[in-house]
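This briefing concerns a single protein chain. Please view the sequence and the structure together before turning to the points that follow.

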Amino acid sequence: IALDGAKNEGISSHGVLTKEELDWLDNILSKSKNDTVLIFIHFPLVTPYESKHHEIINADEFNAVLKKYKMPIAIFSGHYHAAKITRRGNILHVSSPALAGYPNAFRIIEVENKHNKVIFKFEFCETNLKELQAKTKIMTFGGAIFYGKPKDRTTEIIIEKK
(Lines give C-alpha, C1' and ligand atoms only; values in the text may rest on other atoms or scores of the structure.)
Protein backbone atom coordinates (compact mmCIF):
# COMPACT_ATOMS: atom_id res chain seq x y z
CA ILE A 1 0.00 0.00 0.00
CA ALA A 2 1.39 3.42 -0.93
CA LEU A 3 0.05 6.48 0.90
CA ASP A 4 0.64 10.08 -0.13
CA GLY A 5 0.83 12.17 3.04
CA ALA A 6 1.91 15.38 1.29
CA LYS A 7 -0.03 18.47 2.30
CA ASN A 8 -1.86 20.32 -0.44
CA GLU A 9 -2.15 23.63 1.40
CA GLY A 10 1.05 25.64 1.58
CA ILE A 11 4.64 24.61 1.94
CA SER A 12 5.29 22.43 4.97
CA SER A 13 7.53 19.63 6.17
CA HIS A 14 4.53 18.04 7.94
CA GLY A 15 2.54 15.16 6.52
CA VAL A 16 -1.21 14.66 6.66
CA LEU A 17 -3.57 11.93 5.51
CA THR A 18 -6.93 13.07 4.21
CA LYS A 19 -10.15 11.56 5.52
CA GLU A 20 -10.65 9.95 2.10
CA GLU A 21 -7.21 8.34 2.22
CA LEU A 22 -7.75 7.07 5.78
CA ASP A 23 -11.18 5.67 4.82
CA TRP A 24 -9.62 3.99 1.77
CA LEU A 25 -6.85 2.50 3.97
CA ASP A 26 -9.39 1.22 6.49
CA ASN A 27 -11.36 -0.43 3.67
CA ILE A 28 -8.24 -2.09 2.21
CA LEU A 29 -7.10 -3.34 5.64
CA SER A 30 -10.57 -4.74 6.39
CA LYS A 31 -10.19 -6.93 3.29
CA SER A 32 -6.62 -7.96 4.17
CA LYS A 33 -7.09 -9.59 7.58
CA ASN A 34 -5.20 -12.75 6.58
CA ASP A 35 -2.40 -10.91 4.80
CA THR A 36 0.85 -9.30 5.77
CA VAL A 37 0.51 -5.60 4.98
CA LEU A 38 3.35 -3.38 3.80
CA ILE A 39 2.68 0.37 3.82
CA PHE A 40 4.98 2.86 2.13
CA ILE A 41 4.72 6.54 3.05
CA HIS A 42 7.29 9.31 3.06
CA PHE A 43 6.31 10.57 6.54
CA PRO A 44 6.78 8.15 9.48
CA LEU A 45 3.97 7.48 11.92
CA VAL A 46 6.51 6.76 14.66
CA THR A 47 9.32 9.27 14.35
CA PRO A 48 12.95 8.14 14.73
CA TYR A 49 13.69 11.21 16.85
CA GLU A 50 11.63 14.10 18.15
CA SER A 51 10.98 16.97 15.78
CA LYS A 52 7.83 19.07 15.91
CA HIS A 53 8.47 20.21 12.32
CA HIS A 54 8.26 16.89 10.44
CA GLU A 55 5.40 14.90 11.96
CA ILE A 56 2.16 13.61 10.48
CA ILE A 57 -0.36 16.18 11.70
CA ASN A 58 -3.17 13.66 12.13
CA ALA A 59 -1.02 10.75 13.35
CA ASP A 60 -3.65 9.83 15.98
CA GLU A 61 -6.26 9.25 13.26
CA PHE A 62 -3.80 7.19 11.19
CA ASN A 63 -2.85 5.14 14.25
CA ALA A 64 -6.52 4.59 15.16
CA VAL A 65 -7.13 2.94 11.77
CA LEU A 66 -4.10 0.66 12.13
CA LYS A 67 -4.89 -0.39 15.72
CA LYS A 68 -8.17 -1.96 14.55
CA TYR A 69 -6.23 -4.75 12.84
CA LYS A 70 -4.14 -7.60 14.25
CA MET A 71 -2.32 -8.84 11.14
CA PRO A 72 1.40 -8.05 10.75
CA ILE A 73 1.80 -4.52 9.37
CA ALA A 74 5.10 -2.89 8.39
CA ILE A 75 5.27 0.83 7.66
CA PHE A 76 8.29 1.99 5.64
CA SER A 77 9.19 5.68 5.60
CA GLY A 78 11.98 8.17 5.08
CA HIS A 79 11.65 11.94 5.62
CA TYR A 80 13.91 12.03 8.71
CA HIS A 81 16.78 10.27 6.88
CA ALA A 82 17.50 8.21 10.00
CA ALA A 83 17.91 4.46 10.50
CA LYS A 84 15.40 3.43 13.15
CA ILE A 85 13.19 0.36 13.60
CA THR A 86 10.43 0.41 16.21
CA ARG A 87 7.98 -2.38 16.91
CA ARG A 88 4.65 -1.70 18.58
CA GLY A 89 2.73 -4.94 18.86
CA ASN A 90 1.90 -6.21 15.39
CA ILE A 91 3.09 -3.00 13.71
CA LEU A 92 6.68 -2.48 12.61
CA HIS A 93 7.79 1.11 11.95
CA VAL A 94 10.84 1.33 9.68
CA SER A 95 12.50 4.69 9.12
CA SER A 96 15.24 4.49 6.52
CA PRO A 97 18.49 6.40 6.14
CA ALA A 98 19.47 8.73 3.32
CA LEU A 99 21.75 7.73 0.48
CA ALA A 100 22.46 11.35 -0.52
CA GLY A 101 23.28 12.49 3.05
CA TYR A 102 24.80 10.94 6.13
CA PRO A 103 24.83 8.01 6.78
CA ASN A 104 24.84 7.55 2.99
CA ALA A 105 23.16 4.20 3.29
CA PHE A 106 20.17 2.17 2.17
CA ARG A 107 18.46 -1.03 3.27
CA ILE A 108 17.89 -4.37 1.66
CA ILE A 109 14.76 -5.82 3.21
CA GLU A 110 13.58 -9.39 2.85
CA VAL A 111 10.05 -10.27 3.93
CA GLU A 112 9.45 -13.97 4.50
CA ASN A 113 5.75 -14.73 4.87
CA LYS A 114 5.32 -18.03 6.72
CA HIS A 115 2.12 -19.79 7.77
CA ASN A 116 2.23 -18.59 11.40
CA LYS A 117 4.70 -15.68 11.31
CA VAL A 118 6.41 -13.06 9.18
CA ILE A 119 10.17 -12.68 9.24
CA PHE A 120 11.62 -9.28 8.34
CA LYS A 121 15.35 -9.35 7.56
CA PHE A 122 17.13 -5.99 7.34
CA GLU A 123 20.54 -5.42 5.84
CA PHE A 124 22.05 -1.94 6.29
CA CYS A 125 24.24 -1.08 3.31
CA GLU A 126 26.62 1.88 3.40
CA THR A 127 27.95 3.57 0.32
CA ASN A 128 31.40 2.60 -0.94
CA LEU A 129 32.13 6.33 -1.25
CA LYS A 130 33.78 6.63 2.17
CA GLU A 131 35.23 10.10 1.48
CA LEU A 132 31.73 11.40 0.69
CA GLN A 133 30.34 9.70 3.81
CA ALA A 134 33.03 11.35 5.98
CA LYS A 135 32.19 14.78 4.51
CA THR A 136 28.44 14.41 5.00
CA LYS A 137 28.99 13.22 8.59
CA ILE A 138 30.90 16.43 9.36
CA MET A 139 28.01 18.47 7.93
CA THR A 140 25.39 16.55 9.98
CA PHE A 141 24.40 17.55 13.49
CA GLY A 142 23.84 14.43 15.63
CA GLY A 143 25.17 11.89 13.14
CA ALA A 144 24.67 9.00 15.59
CA ILE A 145 20.90 9.58 15.46
CA PHE A 146 20.88 9.18 11.67
CA TYR A 147 23.19 6.13 11.71
CA GLY A 148 21.03 4.39 14.30
CA LYS A 149 21.89 1.71 16.80
CA PRO A 150 22.95 -1.82 15.72
CA LYS A 151 19.35 -3.05 16.23
CA ASP A 152 18.22 -0.36 13.74
CA ARG A 153 20.57 -1.48 10.99
CA THR A 154 21.15 -5.16 10.25
CA THR A 155 18.64 -7.23 12.16
CA GLU A 156 15.82 -9.75 11.98
CA ILE A 157 12.35 -9.23 13.44
CA ILE A 158 9.63 -11.86 13.69
CA ILE A 159 5.95 -10.99 14.05
CA GLU A 160 3.60 -13.83 14.90
CA LYS A 161 0.32 -14.06 13.01
CA LYS A 162 -2.85 -14.08 15.09
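In this predicted model, N104 is located in the loop that links strand 4 to strand 5. The residue is buried, its relative accessible area being 0%.

**Surroundings of N104**
- A polar contact of 2.5 Å joins the side chain of N104 to the side chain of T136.
- Apart from neighbours within four places in sequence, the residues in contact with N104 are A98, L99, C125, E126, T127, L132, Q133 and T136.
- One of these contacts, L99, is itself placed in the loop between strand 4 (91-95) and strand 5 (105-113).

**Overall fold**
- The protein chain contains four helices and seven strands, and from the N terminus the order of elements is α-β-α-β-β-β-β-β-α-α-β.
- The protein chain is as compact as a globular protein of its length, because its radius of gyration of 16 Å is close to the 15 Å that the globule rule gives for 162 residues.
- Along the principal axes, the C-alpha atoms of the protein chain fill a box of roughly 50 × 45 × 20 Å.
- Among contacts in the protein chain with a separation of 6 or more, 62% are between residues 24 or more positions apart.

**Burial and surface**
- Buried residues make up 44% of the 162 residues in the protein chain.
- The protein chain has an accessible surface of about 9200 Å², and carbon and sulfur atoms contribute 55% of that surface.
- L99, F106 and I108 make a nonpolar surface patch of about 280 Å².

**Salt bridges**
- Side chains of opposite charge can pair when their charged atoms come close.
- The model has seven salt bridges, counted with a cut-off of 4 Å between side-chain nitrogen and carboxyl oxygen.
- One of them pairs K68 with D26, with 2.7 Å between the closest N and O atoms. K68 lies in the loop between helix 2 (59-67) and strand 2 (73-77), whereas D26 belongs to helix 1 (residues 19-30), so this pair ties together parts that are 42 residues apart in sequence.
- E112 forms a salt bridge with K114 at 2.8 Å, N to O, and another with K121, where the closest N and O atoms are 3.4 Å apart.
- E112 is partly exposed at 23% relative accessibility; K114 is partly exposed at 34%, and K121 is partly exposed at 30%.

Notes: Residues numbered from 1 in each chain as written. Predicted model: local features only at pLDDT ≥ 70, side-chain atom pairs only at ≥ 80, totals over all residues. Heavy atoms only, no water. Patch = residues over 30% accessible without salt bridge, like charges linked within 9 Å, V, L, I, M, F, W, Y side chains within 5 Å. Areas by Shrake-Rupley, 256 points an atom, 1.4 Å probe, with all protein chains shown as cover. Helix = DSSP H or I, 4+ residues; strand = E, 2+ residues; numbered from the N terminus. Rg over C-alpha atoms; globule rule 2.2 N^0.38 Å. Buried < 20%, exposed > 50% of the residue type's maximum accessible area, 1.4 Å probe, protein only. Contact = heavy atoms within 4.5 Å. Polar contact = N/O pair within 3.5 Å; in protein donor to acceptor, adjacent residues only side chain to side chain.
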